[in-house]
Amino acid sequence: MEEQKRTNVNEYGEFGLIEHLTKSFENHQESTIKGVGDDAAVIAGDGDWLTVVSTDMLMEGIHFDLMYTPLKHLGHKAISVNVSDIYAMNGVPEQVTVSIAISNRFSVEALEELYEGIKVACKEYGVDLVGGDTTSSMKGLAISVTAIGKAHKQKITYRNTAKVGDIICITGNVGAAYLGLQLLEREKQIFLENPDVKPNLDDQDFLVGRQLKPRARKDMIALFEQNGVVPTSMIDISDGVASEVFHICKQSNVGAILEESGIPLHPKTEEMAFNFKMDPATVALSGGEDYELLFTIKEEDLEKVKYMPDIYIAGEIVEKEEGINLHTKGGNIHALKAQGWKHF
Ligand code: ADP
Ligand code: MG
């Protein structure tokens, strides 16, 4: 019998696998403006407005652990991570669909809690819940959300349009969600070993909150509009700053120099990194799930951005040949390593 070839998905990694599976697909519809490869797909809309669509799935045991994730928070997060991809296109989300697969472990009351969180998020982001699907699963909970929004033709921001000389900016602060997860995991292990020990998460509201209750940066899209700034490229930070810079550079065919001193870290993140004996810079570069925005602007827009709140200058786009490098606080320059989240 002829032996069938069997390749493990690990050999490709998440992004390699997506590319491998989708590379032979061509778009034939005139209305398909952007297919696979950005934060959201782009479809021709009404006149100057384009429709943007993004979808993401959260799996129990992979993306969340119900031992420490309240269902209400989970519902909120499922919406937040999806609308974040619409904001990453400089778009405004308008509708969501929510699909769930549930095992018989979940009661109606539990699902009501999940939907309470979804409702709060819908209100916060101004989106309507317009559909979805409900099915059973053998084990565990899966939530898939699709977000649909609008972006103006002249203001939509892609990953592949950064230019040499552009300035790299990051909103908010990064690395906190990753450390929040480490804290929750640590307390879980302690609890599993000794259920009598109470979890000790006092004073960790900030880090744990960044993991359990991420907020998509709706405010930044409004701020760009108010200040007349259109980023030259943008991506949301779901896998970590380094990984996102790699995506922008690969797709824009450019290089980058990141300034370690320009990467925004909250003092509590720095402190906890030291407690965990981790390098704060590594946490900031490789820790994911902050759902902040990483974007580039033309140098001439620097004056405007400087006075906008919660935006930090983190580097510059350079020629591709110069590579993707990190300028450390110690004055060294070395190649950036991308260690984003790998789910398999
Ligand atoms: P993000 O982190 O912004 O949600 P992903 O890394 O999940 O983006 O996906 C990158 C791109 O690949 C997106 O355009 C997404 O729509 C597309 N993609 C992901 N998985 C698949 C798949 N199984 N089939 C087709 N396209 C996919
Ligand atoms: Mg994204």
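Select Glu124 first: its relative accessible area is 28%, so the residue is partly exposed. Keep in mind throughout that this is a predicted model.

**Stop 1: Glu124 and its partner**

Glu124 and Arg215 form a salt bridge, with 3.0 Å between the closest N and O atoms. Glu124 sits in helix H3, while Arg215 is in the loop between helix H5 (205-212) and H6, so the bridge ties together parts that are 91 residues apart in sequence. Arg215 is partly exposed too, at 36%.

Now show Arg210, Arg217, Asp219, Asp290, Glu292 and Asp310. Salt bridges with shared partners join these residues into one network.

**Stop 2: two further salt bridges**

The structure holds 18 salt bridges. Pick Lys72 and Glu116, whose side chains meet at 3.6 Å, N to O. Lys72 lies in helix H2 and Glu116 in helix H3 (residues 108-125), so this pair ties together parts 44 residues apart in sequence. Lys72 has a relative accessible area of 35% and is partly exposed. Glu116 is partly exposed at 42%.

Next, select Glu94 and Lys150. Their side chains form a salt bridge of 3.3 Å, N to O. This pair links strand E4 (residues 92-102), which holds Glu94, to strand E6 (residues 142-152), which holds Lys150; the two residues are 56 apart. Glu94 is partly exposed at 27%, and Lys150 is partly exposed at 31%.

**Stop 3: the magnesium ion**

Go to ligand 2. Which residues are the protein donors of this magnesium ion? They are Asp39, Asp85 and Asp236, each through OD, lying 2.0 Å from the ion. Their spacing in sequence is D-x45-D-x150-D. Are Asp85 and Asp236 buried or exposed? Asp85 counts as buried at 8% relative accessibility. Asp236 counts as buried at 2%.

**Stop 4: Phe224**

Select Phe224 in helix H6 (residues 218-227). Phe224 is buried, with 1% relative accessibility. Phe224 and Met308 are 84 residues apart in sequence, and their C-alpha atoms are 8.8 Å apart in space.

**Stop 5: a charged patch**

Select Glu299, Glu300, Glu316, Glu319, Glu321 and Glu322, which form a negative surface patch. Zoom in on Glu316, placed in strand E11 (residues 311-318). Glu316 is partly exposed, at 35% relative accessible area.

Notes: Residues numbered from 1 in each chain as written. Chains lettered and ligands numbered in written order. Predicted model: local features only at pLDDT ≥ 70, side-chain atom pairs only at ≥ 80, totals over all residues. Heavy atoms only, no water. Patch = residues over 30% accessible without salt bridge, like charges linked within 9 Å, V, L, I, M, F, W, Y side chains within 5 Å. Areas by Shrake-Rupley, 256 points an atom, 1.4 Å probe, with all protein chains shown as cover. Salt bridge = Lys/Arg side-chain N within 4 Å of Asp/Glu carboxyl O. Lys, Arg positive; Asp, Glu negative; His and termini not counted. Charge placed at Lys NZ, Arg CZ, Asp CG, Glu CD. Helix = DSSP H or I, 4+ residues; strand = E, 2+ residues; numbered from the N terminus. Buried < 20%, exposed > 50% of the residue type's maximum accessible area, 1.4 Å probe, protein only. Donors = N, O, S within 2.8 Å, 3.2 Å for Na, K, Ca; no water.
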